[in-house]
Amino acid sequence: VVLDELAVITRPGAESRRAEIPPVAEALGEFRLIHRIEDPGTLDGGDVMQAGKVLYVGETLRTNAAGIQQLRDIVQSAGYEVRAVPVHGCLHLKSAVSWLEPGTLLINREWVSDSTFKGFRFLDVDPAEPFAGNALVLGGTIIHPAEFSRTRARLIAAGFSVRTVPASELAKAEGGVTCCSLIFSPETTTGS
């Protein structure tokens, strides 16, 4: 989880993913002050959605209450609020909902309740494409899986610029476009 002020090295809920931690921490240490989620906490990056100074964190099989509390303790000094979000029917929060622009979310309401996100406008995924909620905003363009044409049509109709990428192989493991990216500005360098 990379914020302007710091980076949080997660402790994945799947033990098989924990080998990824050292190289990611080493790479990010050049750009951010590093904090870590420690045992017994677990936190998957796919469960963390940033909307300004609020971090929405999915309560899932991969992210537990101890991990959410540790994240809350780490980021509060930088002015962030952490809100836990119950998720059901999918692996991660960002499988169900993604931030599109200030005040707007792409959402699958079957997997996450919109009541958690007060004050937002919602763009619903097409019901035939339940996994289409995972989107990545980059430079004002929404990066979205090419396989979800119906939801893409909704995004375009709502005025968004969309660029598609093939993601069928990622989808086999409920992966999405946010799973393959760690986007941040290197100018906010603070070291480790």
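**Figure 1. S98 in strand β6.** S98 sits in β6 of this predicted model, where strands are DSSP runs of E of at least two residues, helices are runs of H or I of at least four, and both are numbered from the N terminus. S98 is buried, at 2% relative accessible area (buried is under 20%, exposed over 50%, partly exposed in between; 1.4 Å probe, protein chains only). Its side chain reaches the backbone oxygen of G133 at 2.6 Å. Leaving out residues up to four places away in sequence, S98 touches M49, T104, L105, L106, G133, N134 and A135 (contact: heavy atoms within 4.5 Å). Residues are numbered from 1 along each chain as its sequence is written, and side-chain values use heavy atoms, without hydrogens and water. The model being predicted, local features need pLDDT of at least 70 and side-chain atom pairs count only at pLDDT 80 or more, while totals for chains, interfaces and linings use all residues.

**Figure 2. R109 and its partner D124.** R109 belongs to the loop between β7 (104-107) and β8 (121-124). R109 is partly exposed, at 37% relative accessibility. The side chains of R109 and D124 are joined by a polar contact of 2.6 Å (a pair of N or O atoms within 3.5 Å; within protein, one must be able to donate a hydrogen and the other to accept it, and residues adjacent in sequence count only if both atoms are side-chain atoms). The two residues are 15 apart in sequence, and their C-alpha atoms are 7.5 Å apart. Beyond neighbours within four places in sequence, R109 is in contact with D114, F122 and D124.

**Figure 3. The largest pocket.** This pocket holds about 1400 Å³ of space. Its lining counts 45 residues, with G45, K94, T178, S181 and L182 nearest the centre. Elements giving two or more residues to that lining are β1 (6-9), α1 (21-28), β3 (48-51), β6 (97-101) and β9 (136-138). The largest share, four residues, comes from β3. By class, the lining has 27 nonpolar, 11 polar and seven charged residues (nonpolar: Ala, Val, Leu, Ile, Met, Phe, Trp, Tyr, Cys and Pro; charged: Asp, Glu, Lys and Arg; polar: the others, Gly among them). On a 1 Å grid over the protein atoms alone, a pocket is an open set of points with protein on both sides within 12 Å along at least five of seven lines, a cavity is a set where a 1.4 Å probe fits but cannot get out, and lining residues have an atom within 4 Å of a point. Points are joined across faces, edges and corners, and a volume is the space filled by probe spheres set on the points.

**Figure 4. The largest cavity.** One cavity of 30 Å³ or more is counted. About 90 Å³ of space lies in the largest cavity. Its lining is S95, F131, N134, P145, E147, F148, A167, A171, E174, G175 and G176. Five of these residues are nonpolar, four polar and two charged.

**Figure 5. The cis peptide bond at P40.** The bond from D39 to P40 is cis, with omega near 15 degrees. P40 is in the loop between β2 (33-36) and β3. Most peptide bonds are trans.

**Figure 6. C180 after α5.** C180 lies in the segment following α5 (168-171). C180 is exposed, at 56% relative accessibility. C180 and L170 are 10 residues apart in sequence and 8.9 Å apart, C-alpha to C-alpha.
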